[in-house]
Amino acid sequence: MASEITSETRFAFEGFLPLWTIILLGALFVAISCGMAWRERRFTERPNWIWLLVFLRACAVLVLLWMLAGPTLVTALRKFKRKSVAVFIDTSASMGVADAADGSGNVSRWSVSQTNHARLLRQIDNASAQIRATLRQLAYFANLPDSTRDGTAARTLFSQAVDGVVKGLDLLKSGARNLPDEELKRAISEHAESIQNGPLKILQQKAAEFGRGKSLSGLQRETWLPQQLAGLSVPIGAIETLTDRSIKSLEESTAREAGGMVEARTSRLDKVEAFMTLAEQGWLKKLGEKVTINRYEFGDKIVPASFSEGSKTNVPTKQLSSATQLGAVLQQIAFDNTTQPVEAAILITDGGQNSGRDPRELAASVAATALHIVPIGNTKIERDVILHHTHAPKAVLQNDMVVIESGLTAYDCDQESLQVELLAGERVIERQTVKATSALFDSRVQFKWKAAALGKQTLGMRVVPVERERTEENNAARMDILVMEEKLRVLVADNFPRWETRYLLNLFKRDERVIFDQLLFEPRRGVGEGVRSDFPKSLQEWSKYRVVILGDVLPSQLKPEQQRQLGEYVTERGGNLIIVAGKEAMPAAYLNDPLAALLPVQAGEQALPPNNPFYLHVADEASQTLATQIADSPAASLRAWREMSEKLPIYSLSEFSKPKPATHSLIWASREKSGFDPGDASTRSFLSWHYVGAGRVIYIAAPVTYQLRYRQGDNFHHRFWGQLLRWAAARDLAEGSQTVRLSSDKLRYDFGEPVQVLAQLRQLDGKVAAGATLQIEASQHGRMLQNVALKEDPSRPGSYNVILPQLPTGPVKLQLLGDRVTELLGIEKYSRPIEITVTIDPSAELELRNPLCNMPLLRQIADASGGIIVPPTGLAAALQQLNLEPEASETISKQPLWNRWELFWLFIICLSLEWAGRKFLGLS
């Protein structure tokens, strides 16, 4: 339970006068009444009745005295709030790295934390960690204001800190006496003596004074405590340095003997798993008897974790995150503190912060929580060469000059020459030499390749492995490029030449790879080459175009019959349609026409307010898509789209800009400059697309892409439309035969991204083959990963699709199986299997690019939060300094027993009867 409530009720006198005064007054009133009665009994014929009057008078006096005494029922309600300890385990991709024993001490320390060996090292680490934890307590005690009312808590804190120094010092001496290294033994003993003869004596003296009742202000902490903190910190830091040096020396010799591969097969997460398993059986179990243990995993987000005693943690079974957000951990600690006091937080991480808010800015917000940072991971650079962020267009025209670019990072290769090769299959077609100029070297490598042969071409880029490289798995990348016929035939149609259309036509005139026909209704153009007077009137005529671009044409110009033909061109012939929204007609005027079924968007629930600016944001899924790549790199492309809309906001966004459920939104339009929320009704889709039958429809919600020319010339605008046409035309990446086709929406995916697979079955006479039972078998390196059934699209008989989630990184082969597939291939006499290969790229390239433990950052977080850096060998000892007693709060409620009407009337009645009796007896 997080809290426990107890109550206690007691009786108390809380009168207006002290109780002794009230008793004295009562005795005086009784004496005076008796004296008066003795005197008055001589003046009445019924002297014995006088004593009745005395009784009534005494009752009235007693009631008055009772009220003056203030009798009260006092109820004390005590609430004990159980404290908590939060455990955060880093599950980002860098935690999957296996560290070799390189002399940094990391591997040996984590090995010690899991075994019963190296007892002396663990003992010294425990002692250092315990004294380091007391330093935090003493620093907290030093900052308590003199006006602190809870003196008991302050005395407990100070006493516990001093006891921690004593225990840590005893442990330190005990461990030092048994060290085999005489020099190390002597150095540690000297530092221990300096603590005992210096700071410890002063602290014990002041603790005794404080315990005898001296106040916080009377201690005059500012005159002596800072010096004692420094007197503790310096020798403890020196002892930690000596211990680190000793373990590093031992590890270096071990690494030399074993060729640097000690523990190289055990990942960081494996070590944490073993460490937590032992903790759940030992110190963490004991901790859980007093406090609530909250367990979390974190990477790109925080998720609760459930560790079972005596079993392995569930961390390694989960996918590793593609980013590390240490700032989110600190925010979670602050949030947990609002519901239950978090006495301490344990953060096990390699410090690879690369996403979210800067943890150094948030560290001060958790100063009330004892933050224990347990670092893991080597701090020395391991020799390695990494090829990353390889970029190449997915589709080009024949004889295009293709630019293939990649990032190159080299560790511990200073002044060495690195050989980078461009491959066609296994054949090297070009080679470059890059010289590493530093121990941590970053560079870009670029090749140019002429796309001469048609069809899908597989290229590779690799770095020749260097001697003693940590791993060769990250030295190569592969890419598939579809080379299409040299010319693209395009139809551009608009009601009148808007700015978008004018620039587009001028652009196509200069593009030798594009043959275009233009159709403008106002003003009418004369008949000539490339000039049409009307839309095509047959499916055959539509089919001669690879891409059709529709501007703001009117329904009277694009008649229903032509719209149906256009629909068949897209759905049956695999045509590509690009629609650019307009103010006059497109697409609002076509809601009841055949063209409406082709649209990837619909009207939003809320009307867009007039004169409201929108800003563009490239979607995460589109950051690597050819259609949005208008600059030399994905990051530069994102920046170009954002800056264009910030300089020239969009005011003409169509009401029809809400994507349908199956639509892919490549670029979003938001009212906010800094970000977007697709779930917000005011956020719309600017550039979107979806499949319709065998073809694809692309929609642009405002005719403003010509604004890419603003202060940039024709560069971005030309590149956008050139690549949009190539991307649209390159849609069909299907493999297979005349009757069976298999395709995916892309050839490369980021890890965790779902893979969309489409199969199409047709008979030899062209009729669709409906009602088939099909399966996709996914395999890698000969091992089957998944076998999933495909579903037939109700609106497209003969088309079957499925989404494959969570495929592993690397090349994955997808094969289409089924009795109907075997039957169709047999009729066609096609003997090869129907299969495609997709590549799953690791999404954690940023994580794995520099997997070293970031100790400088972890120290900065510890300093800013008042926390400590503690090795796994000393964590249990450091936690012993925690005050785990529940937080107690008391609420006092009082119920007076004297202010009741019954007592008032009893007082009046007694006086009235006494007065009536006196009159009856003839007394004055």
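A residue is called buried when its relative accessible area is under 20%, exposed when it is over 50%, and partly exposed in between, using a 1.4 Å probe and protein chains only. By this criterion, 50% of the 924 residues of the chain are buried. The structure is a predicted model, in which local features need pLDDT of at least 70 and side-chain atom pairs count only at pLDDT 80 or more, while totals for chains, interfaces and linings use all residues. Residues are numbered from 1 along each chain as its sequence is written, and side-chain values use heavy atoms, with hydrogens and water left out.

The chain has 23 helices and 37 strands; these are DSSP runs numbered from the N terminus, with at least four residues of H or I for a helix and at least two of E for a strand. With contact defined as heavy atoms within 4.5 Å, 77% of the contacts between residues at least 6 apart in sequence join residues at least 24 apart.

Turning to the sheets, two strands are taken to pair if DSSP finds at least two bridges between them. An open sheet of eight strands runs in the order β17-β16-β18-β19-β25-β24-β23-β21, with mixed pairing. Its edges are β17 (514-520) and β21 (615-618); each has a single partner strand, so one side of each is left without a neighbour in the sheet. The twist averages 15° from one strand to the next, where axes are lines fitted to C-alpha atoms (for helices over the stretch in contact) and angles run from 0 to 180 degrees between N-to-C directions. Within this sheet, β16 (residues 488-494) and β18 (residues 547-550) are parallel partners joined over four bridges, and Ala-493 has Leu-550 in β18 as its bridge partner.

Helices cover this sheet too. Helix α18 packs on the sheet and touches β16, β17, β18, β19, β23 (664-670), β24 (684-692) and β25 (695-700), its direction making about 155° with that of β25. Helix α14 (residues 499-510) lies across β16, β17, β18 and β19 (576-580) and runs at about 150° to β17.

A closer look at α18 (residues 715-729) brings in Leu-725, which lies in this helix. Leu-725 counts as buried because its relative accessibility is 0%. Beyond its neighbours within four places in sequence, Leu-725 contacts Leu-488, Val-490, Phe-508, Val-514, Val-547, Ile-549 and Ile-578. The C-alpha atoms of Leu-725 and Ala-395 are 9.8 Å apart, although 330 residues separate the two along the chain.
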